[in-house]
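Thanks for making the time this morning. I would like to walk you through one model, and I ask that you keep the sequence and the structure in view while I talk.

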Amino acid sequence: MTDSQSNPTANTIDRYARDHSVSPLEESLKLRVLFDTAQWAQVRPIHGHSIEYRKPQLFSPHQHREGKLIYADMGAAVIATEDQRWAIAPGRALWICPGIRHWTRTVHHVRIRSVLIDRALEDFLPTTCRYISISPLLAELIKAVSVNSEEGLVSDRDKALAALLIHELNCTAA
């Protein structure tokens, strides 16, 4: 039995390298170099928020300049675009590409954690709206980004979280 057959991490790394024609380390290094440029010295390339709704809510159609990862870590929500509809609940999130018009309806008591990713990073992001499987690591990254999104300088920790979140986002498409 080879290492990649017995090691799930090796399988993920192999799949990522095959699908992206680049190693995860190279991809992470590209992101770190990008985040270290003057462009990101004052701007957060990734920011988020967490909102809890105690009763059902309906948000009218809207769109964002950024890509948006929507995760309900408690409760459930329905998100729709003009041609598709998705249900999210703990364990599964939805990636909405930049500029895609969508609406959201929460179901009962729900906590939504959203992560917005600057469109300048689109080369590193999924190119279609789709479900994202939420691993324990990705759940913690979403939580960290959605709680620590204050304005101000971007720290080395912010850059590392951003690079790892984008890496995980690409590795865990459902």
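Predicted model: local features only at pLDDT ≥ 70, side-chain atom pairs only at ≥ 80, totals over all residues.

**A histidine and its surroundings**

Let me begin with a polar contact, by which I mean a pair of N or O atoms within 3.5 Å, where within protein one must be able to donate a hydrogen and the other to accept it, and where residues adjacent in sequence count only if both atoms are side-chain atoms: a polar atom of the His 102 side chain lies 3.0 Å from the backbone oxygen of Ile 100. Residues are numbered from 1 along each chain as its sequence is written, and side-chain values use heavy atoms, with hydrogens and water left out.

His 102 belongs to strand S6, which covers residues 102–117; helices (H or I, at least four residues) and strands (E, at least two) are DSSP runs, numbered from the N terminus. Is His 102 buried or exposed? With a relative accessible area of 1%, His 102 is buried, where buried means under 20% relative accessible area, exposed over 50%, and partly exposed in between, using a 1.4 Å probe and protein chains only. Not counting residues up to four places away in sequence, His 102 touches a set of residues that includes Ser 60, His 62, His 64, Lys 68, Ile 79 and Ile 96, a contact being heavy atoms within 4.5 Å.

Also in strand S6 is His 108, which is exposed at a relative accessible area of 57%. The phi angle of His 108 is near 55 degrees, a positive value in a residue other than glycine.

Of its 174 residues, 41% count as buried, and among contacts between residues at least 6 apart in sequence, 78% join residues at least 24 apart.

Next, strand S5, residues 92–96, is largely enclosed by the rest of the structure, because four of its five residues are buried. S5 pairs with strand S3, residues 67–80, in the antiparallel sense over four bridges, and two strands are said to pair if DSSP finds at least two bridges between them. Within S5, Ala 93 stands opposite Tyr 71. Strand S7, residues 130–133, is likewise antiparallel to S5 and joined to it by four bridges, with Ser 133 in S7 standing opposite Arg 92.

Turning to the helices, Leu 165 lies in H5, residues 156–171, and is buried, with a relative accessible area of 0%. Leaving aside neighbours within four places in sequence, Leu 165 is in contact with Val 115, Ile 117, Leu 138, Leu 141, Ile 142 and Val 145. The C-alpha atoms of Leu 165 and Leu 141 are separated by 6.1 Å, although these residues are 24 apart along the chain.

Finally, how many disulfides are there? Taking a disulfide as a pair of cysteine sulfur atoms within 2.5 Å, the count comes to zero. Cys 97 is in no disulfide, and the nearest cysteine sulfur, that of Cys 129, is 4.3 Å away. Cys 97 counts as buried at 9% relative accessibility, and Cys 129 counts as buried at 16%.
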